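Let's take a walk through this protein, one stop at a time. Have the sequence and the model open beside you.

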Amino acid sequence: MSEGAWRRSGRALWRVVAVWAVSTLTMLALAGILPDFRLQSDSGDSTTRIAVTAALGAGAFGLLSALVWPLLVRALLLVPALVLGLLVFFLNGSLLLVALWLIPSGRGEAAPETAVVVAAAMSAVASATGGALAVRDDDAYRRRLYRLADRRRHRIGRPGEPLDPGTLFVQLDGVGHDVLLDAVAQGRMPTLASWLGPASPAATPDGPPGASVGATHRLTPWFTDWSSQTGASQLGILHGTNHDVPAFRWYEKDTGEVMVCGRPTTAAELQRRAVALTQDAGLLGEDGASRGNLFAGGADQLALVLSVAARRGSRTRSRAGYFAYFSDPANAVRTAMSFAAEVARELGQSTRARLRSERPRVSRGGLYPFIRAFATVVERDVVVAAVIGDMFAGRGAVYADLVAYDEVAHHSGPRSTDAYRVLERLDRSLALLAKVAEHAPRAYRIVVLSDHGQSPGETFRDRYGLALGDLVRAGCGLPVPRRARRSRSGAEARAAVRAALHRTVEVEEETAERPRRRPSEPLVLASGNLGLVSFPDVPHRMTREEIDRRHPALLATLASHPGIGFVLVRSEEYGSVVLGAHGAGVPLSELGEGPGPLDGFGPGAADAVRRTDSFPHCADLMINSSFDPKSGEVLAFEEQIGSHGGLGGDQSRAFLLSPLELSAPAAPGTALHGAEQLHHVLRRWLSESGSARPAARPADRAQGAHEDRVGDHEPRERSA
């Protein structure tokens, strides 16, 4: 053995001994603090004997954690993911009890609940000690990465042959183009700032469009479809089509189903439809990995992918990355502690906002602190760890979604201090991935993008005292809650009904349970500031004339309301029309030819509305809230002060940050519109990197293409 090898072995042995010693001291300290944990016999032992017992216990616990823990986690693949967060502590405590039982003298003893606490503390201390020693020995850390990368390189390619660059796509969910620029300008995202260069990320004469002098990446805005939400955007990005996805929630008259993009059965059905329509597995169909996404994108390697979350079988690996991450007890403890800290952080921030009477504000109680902690800590840690594994495995294409900002911005506001702090932590995750890329077995081009932005504003209910559903019911002459009747909007709707029908609107008594909706009554669904109204008893898409005959005051009530920007409805005489203020209708075919109801809603708004109008499951009424161009605010039909889902403001303007060695995403002077167009850009980049074959053309779509993946979907589950 060479001198260098002896030196490396000595350092490794030193780290093991150091971790063992610190674990022993931790066990001794806990034995002195906790009454139900002891390391001596009933008659008492000498200090030396107690120390030896602690050392044996710490050593046995360390060996069991290294050897038995991964096997235990592997045996729990069918346990629901949310249960694992608590289960890891009980398993860790069980390993400690076994370790104490293995001590020859039999002096170790702990109550089960105390064993959980001791095991968690020892895992955390061991992890921190090992990490600190590794950080101090940078040379050893780099050499370990190089050796791992070299082994991976020999596994995925022939020795001596250079590998084509891989591509890593990191989606920062809900981060708008302008919010990203502000965060960079404020110094909150130094990693992205270094990629964009020292100057402004605007176009310069010396660089490509969207790049500054000294930059390694270019920043390009892209505009979403009318449905500016993850379901539509990510389906288009990963599978090349988001046809017939009008919103986050919509009603399909032919099946009687309410489709919800955040529901596993809906995600699986949308993925099945997209694959059937394109006859292509997706963006990641060639040596790809999908991490934390709604859809698989054709990837074989899956972790936290919603579209396969409800499936069972040997080919379902959606949670494999989740369990692989928690197979290390130190990871489980570290993430659990961060989870608890995030819950406490949210409770503090929401309390401060309430005491300061900040407006706008929505409720942040109930389960929300735990949902936020899962999105900002657990999901982030698991996805980043899975991506690191993908990079060391040398996979050709990886797409990962980090949802932390989107979740916080919904409740705190897109430009709030809370949301910006989440961006700071996401930037550190990007820095980690960039560091790992330096040691991966192949070069990686890191592309950062978002699926949509968020627009600020108070809720429709807070502004006008009633929900969109109440306004629709009032416009239909149906009973409305007493609180809605007292509002100005409710009074105006009742007056319109009286004028049209010559009768009053009934008032619902305030009860805990709302009466069951009759089939003839409208079904109102909200997706951010986009509302959808469907009449389930009519099998086809209703026309303006049919609605006027049934509910003469409804369209006038909606179109004249100050909180409504425009309404899309089909007409027997003019085709589809867009109703603006005071019910003035403009045929959809004439939009964009002059002033109209879509003015101010952003470039490409008319084309986006026309495209949605062509969908088979477009609702009877598509309602977009009003938009204030000066403040950039919209009115969400959900309880969110940062919303997306419709047109208006930052929600429709996402970003694409790409390395300069890749071709420009769009020709100079042109803009990217729609997720499907973005899909073709990303696929082109994969082809440039040699990481993917081109998408199947219609003439080349032979029967059975990608049959193994297309046929792997289970039959659709019905949703209520």
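Start at Arg611, which is partly exposed because its relative accessible area is 25%; partly exposed means between the cut-offs for buried (under 20% relative accessible area) and exposed (over 50%), using a 1.4 Å probe and protein chains only. Arg611 forms a salt bridge with Glu676, and their closest N and O atoms are 2.6 Å apart. The pair links distant parts of the chain, with Arg611 in helix H22 (residues 605-613) and Glu676 in helix H23 (residues 675-689), 65 residues apart. Glu676 also counts as partly exposed, at 24% relative accessibility. A salt bridge here is a side-chain nitrogen of Lys or Arg within 4 Å of a carboxyl oxygen of Asp or Glu. Helices (H or I, at least four residues) and strands (E, at least two) are DSSP runs, numbered from the N terminus.

A word on the ground rules. This is a predicted model, in which local features need pLDDT of at least 70 and side-chain atom pairs count only at pLDDT 80 or more, while totals for chains, interfaces and linings use all residues. Residues are numbered from 1 along each chain as its sequence is written, and side-chain values use heavy atoms, with hydrogens and water left out.

Now zoom out. The protein has 24 helices and 24 strands, and 53% of its 720 residues count as buried. Of the contacts with a separation of 6 or more, 70% are between residues 24 or more positions apart; contact means heavy atoms within 4.5 Å. The protein exposes about 30900 Å², with carbon and sulfur atoms supplying 57% of that. Those areas come from the Shrake-Rupley method with a 1.4 Å probe, and for residues only the protein chains shown count as cover.

Back to charges: the count comes to 33 salt bridges. Glu521 and Arg473 make one of them, at 3.0 Å from N to O. Glu521 lies in the loop between strand E13 (507-508) and strand E14 (523-527) and Arg473 in helix H17 (residues 468-475), so the pair ties together parts that are 48 residues apart in sequence. Are these two buried or exposed? Glu521 counts as buried at 5% relative accessibility, and Arg473 is buried too, with a relative accessible area of 10%. Arg380 and Asp381 meet in another salt bridge (3.1 Å, N to O), and both are buried. There is also a network of salt bridges, which links Glu342, Arg345, Glu346, Arg364, Arg372, Asp418 and Arg425.

Next, look at the loop between helix H12 (329-355) and helix H13 (368-393), where Leu367 sits. Leu367 counts as exposed because its relative accessibility is 63%. Together with Phe370 and Ile371, Leu367 makes a nonpolar surface patch of about 320 Å². Pro360 is in the loop between H12 and H13 as well, and a cis peptide bond joins Arg359 to Pro360, with omega at about -5°.

Among the buried residues of H10 are Thr265, Glu269, Leu270 and Val275. Just after H10 comes Gln279, with a positive phi of about 55°. Gln279 is in the loop between H10 and strand E7 (288-291) and counts as partly exposed because its relative accessibility is 27%. Asp287 is found in the loop between H10 and E7, and its phi is near 55°, a positive value in a residue other than glycine. Asp287 is partly exposed, with a relative accessible area of 45%.

Arg442 lies in the loop between helix H15 (417-437) and strand E10 (444-449) and counts as buried, at 11% relative accessibility. A polar atom of the Arg442 side chain lies 2.8 Å from the backbone oxygen of Asp164.

One last stop is Thr216, in the loop between helix H8 (190-196) and strand E4 (217-223). Which residues does Thr216 contact, leaving aside neighbours within four places in sequence? They are Trp195, Ser658, Pro659 and Leu660. Thr216 and Pro659 are 443 residues apart in sequence and 5.8 Å apart in space, C-alpha to C-alpha. Thr216 counts as partly exposed, at 38% relative accessibility.

Methods. Patch = residues over 30% accessible without salt bridge, like charges linked within 9 Å, V, L, I, M, F, W, Y side chains within 5 Å. Polar contact = N/O pair within 3.5 Å; in protein donor to acceptor, adjacent residues only side chain to side chain.
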